Amino acid sequence: MTSRARLRLGLFYSLLLPALVVAAVVAVGIGSTPLPWQTILRVCAVKLLPHQWLAAIGFDFSSVTATDQLVVWIIRIPRVLVAAVVGAGLATSGAIMQGLFRNPLAEPGLMGIGPGAALGGVLAFVTGWGAKSVLPVPLLSMAGALAALVLVYAMSTRGGVTPMSTLLLAGVASGSFVSAVTSLLLTLNVANWQIAQEVIFWMMGGLDARTWTHFWLCAPFVGLGLCSGLLSARDLDLLMQGEETAASLGVDVESAKRVLAVTVAILTGSAVAVAGMVGFVGLLVPHAVRLLLGPSHRVVLPASAVGGALFLIVCDLVARTIHPPTEIRLGVITALCGGPFFIVLLLRHYREASL
Amino acid sequence: MRLEAAGISVDRGGRRILNSASLKLEPGKFTAIIGPNGSGKSTLLRALAGLWPVSGGRVLLDNRPLRQLSRREIARHVAFVPQDTRIDFAFTVAELVSMGRHSHRGRFSSETAADRRAVDAALERCDVAHLRDRAANELSGGERQRVLLARSLAAQPDIVLLDEPTASLDIEHALDILELCRELARDGHAVGVALHDLNAVVRYADVVCLIDAGRVAGVGAVPEVLQPEAIRRVFGVEATPVAGADGVHHFVFERLDRHDMRH
């Protein structure tokens, strides 16, 4: 790494990590009941630190009301954390997809993974299981993501070899088919407005009423996906040089591709499972990161995770505060913020390139 | 180390494109692989590098079947530089060349001193050290070819295979690459290069392997194999040897029909 690249990387994290903390605190503070940061800090202290310690420093327990605890700890913090984890997961899976397909426009939907996850979630709603507890929707959508991947991969593999072009075609075709099934289910259930509304909202993505359960359902899988992605980061760099070159430099191409595809399915599946369909994060964040920090995946993957977390916390904050008391759906906001930002980045990039 | 194709056949898409071809690449020798377009030069190189499976015969690395070795193990000994030198992404030259160390690195380990030394040596050797912080997708064709050769040398291979490395280069850069291959052979590498320029073969290669329609039509020392008669049979052109100032013969080529008309 050149000294200039190292400086850029240092600058990136020294700006983004504090921004992430500030955004999280602000997001917890803002809402129908605004809360000052001191209250947030006090609630966190009561929840996280042993009470003997707090008593020892003369902490006033009566300053933390039950309402504060409810709003901060039960309602807002899980939501912000889920936003962060989902953003990290989607951005990382987007970065992996773009490396795998050697195409900056690749996104998790391309291998049928996104549509598969959506169908899983919608199945949970229309069967009524989704209404009974919080678990069926996320679990079925994770299962849907993995099932879609296995199906698409099996269809495009001949004699242990999976050409990326075939994978892409099979993925897009299956994706359209699966989306059509989802639409069909929605159409059949549109008479039951309760279910239809839930499905539509879920498909637009959103983080309303997310709980600690959702966080714990999603975070371990995103963590797993991040680790697996980081361990394959060099393989991914080499795959970007073309499969033949990667093989000649010592990459076991087919097994590397399988590991990366499963990683994408885990990341996307667990993100969609708790947030519904949130688009644009996986496209926008890695692209911005690559423009700033270069293409090496050992840099791009963790930086995308941090950037994605920040981006989704901010988008969710906007979604729930811009038009009270109605919440705008998160997927709508990511596309509305993301689209123009993306275009500005691209234009700037090409202007610099042409100078 | 030596790399040997022992009667290998390669099928692609139901068609046999290489038919029981045998060739030994010996340490210290520059072996040129020549033949018309589509005769199977690139296929032979890919089979030798273990990148394409063989349907008959065996590729042997120091008498061990290549098939039994992992990709990593092969990559530590056999380097392959493809003809297509396009680089799409803005990796720096140093990043690109250090990718050559992949087969020596563990999944969890970071760059070691040995990695850095190998990368520096490869950059030096291919005369691209001054480009190390440049974005590789902004280099010229000659620079790109040298950078990609440096990447494969960073793996410290014993055998270096190049597929038409001079195809898209101007004469100066083509000579640079050929000189470099010559030097690699002199240092004890087994070098196998697919080439179109027969005069370059005469000047630089020790051994030549002539391929015609998927079969080896001749293999041996350059003066023995590169006879006007063999060139006429395989390439369909008349080759007239001309003695150069330094005593080395080179060829002047003419199409057969014109040649016949004159006589």
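Which strand of chain B does Ser20(B) lie in? Ser20(B) sits in E2, residues 15-25 of chain B. Some notes on this and the rest follow.

1. Ground rules. This is a predicted model, where local features need pLDDT of at least 70, side-chain atom pairs count only at pLDDT 80 or more, and totals for chains, interfaces and linings use all residues. Residues are numbered from 1 along each chain as its sequence is written, while chains are lettered from A and ligands numbered from 1 in the order in which they are written.

2. Arg102(A) is another non-glycine with positive phi, at about 50 degrees. Arg102(A) is found in the loop that runs between helix H4 (66-100) and helix H5 (113-126) of chain A. Helices here are DSSP runs (H or I, at least four residues), as are strands (E, at least two), numbered from the N terminus.

3. How open are those two spots? Arg102(A) counts as partly exposed because it has 15 C-beta neighbours inside 10 Å. Ser20(B) is also partly exposed, with 15 other C-beta atoms within 10 Å. For the cut-offs, buried is 20 or more other C-beta atoms within 10 Å, exposed is 12 or fewer, and partly exposed is in between, with C-beta atoms placed from the backbone.

4. The core. The largest nonpolar core has 187 residues, and Val86(A), Cys218(A), Ile313(A) and Cys181(B) touch the most other members. H4(A) gives the most to this core, with 17 residues. A core here is a set of buried Ala, Val, Leu, Ile, Met, Phe, Trp, Tyr and Cys residues joined through C-beta atoms within 7 Å. Leaving aside residues up to four places away in sequence, Val86(A) touches Cys218(A), Ala271(A), Val274(A), Ala275(A), Val278(A) and Leu312(A). Contact means C-beta atoms, placed from the backbone, within 7 Å.

5. Helix H1 of chain A. H1(A) covers residues 3-29, so 27 residues, and spans 39 Å from first C-alpha to last, close to the 39 Å expected at 1.5 Å a residue. That expected span is 1.5 Å times one less than the number of residues. Its buried residues are Ala23(A), Ala24(A), Ala27(A) and Val28(A). They pack against helix H2 (37-48), H4 and helix H15 (297-321) of chain A.

6. Between the chains. Chain A puts 18 residues in contact with 20 residues of chain B. On the chain A side, helix H11 (233-239) and helix H12 (243-248) each supply at least two residues, and H12(A) gives the most, with 4 residues. By class, that side has 7 nonpolar, 6 polar and 5 charged residues. Nonpolar covers Ala, Val, Leu, Ile, Met, Phe, Trp, Tyr, Cys and Pro, charged covers Asp, Glu, Lys and Arg, and the others, Gly among them, are polar.

7. Domains of chain B. The assignment, automatic or from a database, gives domain 1 (3-226) and domain 2 (227-263). Their C-alpha centres lie 29 Å apart, and 12 residues of domain 1 are in contact with 9 residues of domain 2. H7(B) brings the largest share of the domain 1 side, 4 residues.

8. Strands E11 (residues 237-243) and E12 (residues 249-255) of chain B pair in the antiparallel sense over 7 bridges; pairing needs at least two DSSP bridges. Val242(B) has His250(B) as its bridge partner in E12(B). The hairpin leaves 5 residues between the strands, and Gly247(B) in the turn has a positive phi of about 85 degrees.

Technical notes. Contact = placed C-beta atoms within 7 Å.
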